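Dear colleague,

Please find below the structure that I am handing over to you. My notes on it follow directly after.

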Amino acid sequence: MTSSRTLRQHLADSALAEILERAAPILDGESALSSPTSNWMSKISDETRLVDMNIPGTHDAATWDYSAARQAELIKYTGPMRDSVFFRCQERSLLRSLNDGIRMFDLRLGYNPGNDTIGFYHGTALLGPTTTLQDVLYGLYDWLLGHPSETILVSINQEAGSNTPYDKKFEEILFATLNNEIGKKFWLPVMGELGTLGAARGKLILLQRFTYQFLSSPGPTNPFGIHLDAEQWTPNGGDINLVYNKEPKRVAYIQDTFMPLVPPHSTADANISSKFEAVTGHLTKAMNATTADTNNDAEEALYICFASAHKNADKITPNIIALGDASTTGMNERLLPWVKEHKGKRFGVLLLDFYHSQPELVKAVIGL
């Protein structure tokens, strides 16, 4: 077993300080901050299955610094864009989010300018022209070395809306990034299952939302993590059942209604209310589920619920869904008392936008 000191030396030998500086637009530099949520998994038994835990996450996690000023800096790469408010879903960096208790990141990828490195996008919004996926992963490795009781779920998807190519070169860079020698020391080396917290401590767990298509030996997955096939991920789906391992059977149950199912030109309240009903309905399914009755005898049942949404065509932006407006309360304010009321129940993974708007929300999800 590789020691923490040896792993730190590996990172240091990779010019970690320079890498973290390059990663700052996504990671930021707040790793020194500490709070009761920095090590919350340390209080949970090793034998606890990850699918039985409540894991707060951030949707489009890399958008935290995508302000109007940042967008203006990047316009030379992207050309004219819609206002930044249509793309921004967070206001706290990845490292700050980890210390706040977040343990899953939803990351969307595309080529950086020049098509030689892979970086971060939300739709057509480029989030950091020189920050690479490898830079950010090294920052997560470094954070885990300082928090060995924790694990981080990392969802990776090629952002089709980025208008950047998806080709063999992209796949080669992505595969090499995920499977380099340092990465192999930090990714949980298990494929097709999540397993227990004890086995995952100090590790990243890959949720792979893409399928290799161009490599010489194409296949559905890296040699670790779980494969959530994009072809089976129903767009705007409220009740997605996705098998990530056939034998023994392991299933992800996903709510991802990213555009509320209301008529065009509906009010903010109607959109938020519709999404709140979808979220609480899915969380209720997770609370009530048992292997014997509702999970079709699946050995693992992973519940993933997105509290995020937008109706950009009606100028109902992600921040309005999460925070509300002058006429109505937002998703986060509505969720907090609901989650508190059901304290001690299993919710699964709950991905949030602007989670910090309700300071107790992440703690409530965790059960603190």
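I begin with two loop positions. H265 sits in the loop between β9 and α9; helices (H or I, at least four residues) and strands (E, at least two) are DSSP runs, numbered from the N terminus. Its phi is near 70°, a positive value in a residue other than glycine. With 70% relative accessibility, H265 counts as exposed, where exposed means over 50% relative accessible area, buried under 20% and partly exposed in between (1.4 Å probe, protein chains only). N163, in the loop between β5 (152–158) and α6, likewise has a positive phi, near 60°, and is not a glycine. N163 is exposed, with a relative accessible area of 66%.

Please note that this is a predicted model, in which local features need pLDDT of at least 70 and side-chain atom pairs count only at pLDDT 80 or more, while totals for chains, interfaces and linings use all residues. Residues are numbered from 1 along each chain as its sequence is written, and side-chain values use heavy atoms, with hydrogens and water left out.

The peptide bond from E247 to P248 is cis, with omega near -5°, and P248 belongs to the loop between β8 (240–245) and β9 (250–255).

Turning to the helices, α9 (residues 268–288) and α11 (residues 331–341) have axes that come within 10 Å and cross at roughly 30°. Axes here are lines fitted to C-alpha atoms, for helices over the stretch in contact, and angles run from 0 to 180 degrees between N-to-C directions. On the α11 side, M331, R334, L335 and W338 meet residues of α9 that include I272, F276, V279 and L283; contact means heavy atoms within 4.5 Å. The residues of this contact of α9 with α11 divide into 8 nonpolar, 3 polar and 3 charged (Ala, Val, Leu, Ile, Met, Phe, Trp, Tyr, Cys and Pro count as nonpolar, Asp, Glu, Lys and Arg as charged, and the others, Gly among them, as polar). Among the buried residues of α11 are M331, R334, L335 and W338. The cover over the buried residues of α11 includes α9, α10 (318–323), β12 (328–329), β13 (348–352) and α12 (361–366).

L133, Q134 and L137 in α5 meet L174, T177 and L178 in α6. The residues of the contact of α5 with α6 comprise 4 nonpolar, 2 polar and no charged.

As for aromatic rings, the count comes to 12 aromatic pairs. Rings of Phe, Tyr and Trp (its six-membered ring) pair if their centres lie within 6.5 Å; planes under 30 degrees apart count as stacked, over 60 as edge-to-face and the rest as tilted. The ring centres of F175 and Y212 are 5.7 Å apart and the planes are at 70°, so the pair is edge-to-face. This pair joins distant parts of the chain, 37 residues apart: F175 in helix α6 and Y212 in the loop between β6 (204–208) and β7 (226–227). F175 is partly exposed at 32% relative accessibility, whereas Y212 is buried at 4%.

With kind regards
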